[in-house]
Amino acid sequence: MMGLMVSEETRTMTPPTVRSPAAHGAGKPGGATRAWTMRLLVLGIVLSALNLRPAITSLGALLEEVRDGLGMSGSVAGLLTSVPPLCFAVFGVMAPRLARRFGAGAVVCAGMAAIATGLLVRPYAGGTAGFLAGSALALMGIAVSNVLMPVIVKHWFPDRVGSMTGLYSMALALGTALAAAVTVPLTDTLGGSWQTGLALWAGLAVAAVLPWLPFVRGRATPAGAGEGAAAATTQTRGPSSPPAEHARVETPRLRMARSRTAWALAVFFGLQATAAYITMGWMAQIFRDAGVPAGTAGLLLAVTMVMGVPLAFVIPRLATRLPHQGPIVLALGVCGLAGYAGLYLAPAAGAWAWALLLGVANCAFPLALTMVGMRARTGPGVAQLSAFAQSTGYLISIPGPLLVGVLYQHSGGWGLPIVLMSALMIPQMVVGFLAGRDRTVEDEAAR
């Protein structure tokens, strides 16, 4: 897609001893098979990314109906909106190990199946506990796919990290916005049942299972390979994949807790995730409480999410061309502060403007993913950094949505929750600026 990012390429190429599975098919008579495999892989990445947020934003659009149907208090609803980062933290850390054992393609395929099952089951499980269990199953699938997407991109597209990150970030934003925009209208069209409105998104997840089926035959890297290398070079084996021994490489285990850059990136990831899940879980309700109709509130949430479609492609490409990504972090943070100020002062009068500003601020997510790929020199380094930054970051983000629900219930309004959101934006800008410095975790975290 792009051959312009010379500086990016020098930072993101995998070691020469780790040969991309696709490269082995290039010189064979079946070159068309190799091209088909790569197209199928891109399709799988895009469809998977489309499924990484509808489980959350479809719930945000119907949160009031779900609360009424299940008899939830504001505090319990806050707990519900905290479940996504909790699951991402708990299950995301398992992703590299699962990829070593079964292959990254097989794990993502299983993740999409878990999303489909969880989305289909949770509306009909009966009671809050069953709803939480179904949500947790879907979010488990999202968690492992979240972590493995940067690894798969790094391994298969080492010279196109910015472009491919932008592509799946765009698809992720599109899926997020689509669920926010059409869940309420589709629910009304299908009879007004919130159960049906939530369950219908299982169909999109089923479609995402299909492109990964040819890659399920993956086998783990041999035991002699380094732990991090195995995560990055796990054989997502398509029809033209090589034997597993081609992926053998000795790679040091990185101690991420020693790296200031890894910690800065993890905290940045956690704070942007806090803002994102508060937005996805509560923003539609903020507008509804301000007098905005439910359908319009869903559209406003969709506008916030859809801003990520173009910007998720532009921001990673811009970030890979800059020696320091801090200025982008600051610009996004300023937009977030302006959007929160608008929500506090005139939530209904300027609703569309605040939705746009917060949509720009939410593009800290593709920036964080891009910096994961840039703050490590090798595929194994990216695998370890991705697991550390995302798992630690999602742990950090757990209290935010829950605290918003508690403040909302006990204060009787949105003033204090919005003040909290604004306050969290300041440290996000600080640690994001630090994470954007031109350095790599290998220099800081090697034993």
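The model is predicted. It has 10 cavities of 30 Å³ or more.

**Helix pair H3 and H4**

- Helix H3 spans residues 54–61 and helix H4 spans residues 63–70.
- Their axes lie 4 Å apart, at an angle of about 75°.
- Angles of 65 to 115 degrees count as roughly perpendicular, so H3 and H4 are roughly perpendicular to each other.
- On the H3 side, the contact involves Leu59, Gly60 and Ala61; on the H4 side, Leu63, Glu65 and Val66.
- By class, this contact has 4 nonpolar, 1 polar and 1 charged residues.

**Largest cavity**

- The lining has 20 residues, and Leu172, Thr176, Met305, Asn362 and Phe365 are the closest to the cavity centre.
- Helices H9 (161–189), H13 (260–289), H14 (294–306), H15 (308–320) and H18 (364–374) each supply at least two lining residues.
- H13 gives the largest share, 5 residues.
- By class, the lining divides into 12 nonpolar, 7 polar and 1 charged.

**Second largest cavity**

- This cavity is lined by 14 residues.
- Nearest its centre lie Ile56, Leu59, Leu80, Thr81 and Pro84.
- H3, H5 (74–92), H8 (127–156) and H13 each supply at least two residues of the lining.
- The lining divides into 9 nonpolar, 4 polar and 1 charged.

**Links between the sites**

- Leu59 of H3 meets H4, and Leu59 also lines the second largest cavity.

Key:
Residues are numbered from 1 along each chain as its sequence is written. This is a predicted model: local features need pLDDT of at least 70, side-chain atom pairs count only at pLDDT 80 or more; totals for chains, interfaces and linings use all residues. Side-chain values use heavy atoms; hydrogens and water are left out. Axes are lines fitted to C-alpha atoms, for helices over the stretch in contact, and angles run from 0 to 180 degrees between N-to-C directions. Angles under 35 degrees count as roughly parallel, over 145 as roughly antiparallel, 65 to 115 as roughly perpendicular and the rest as oblique. Contact means heavy atoms within 4.5 Å. Ala, Val, Leu, Ile, Met, Phe, Trp, Tyr, Cys and Pro count as nonpolar, Asp, Glu, Lys and Arg as charged, and the others, Gly among them, as polar. On a 1 Å grid over the protein atoms alone, a cavity is a set of points where a 1.4 Å probe fits but cannot get out, and a pocket is an open set with protein on both sides within 12 Å along at least five of seven lines; lining residues have an atom within 4 Å of a point. Grid points are joined across faces, edges and corners, and a volume is the space filled by probe spheres set on the points.
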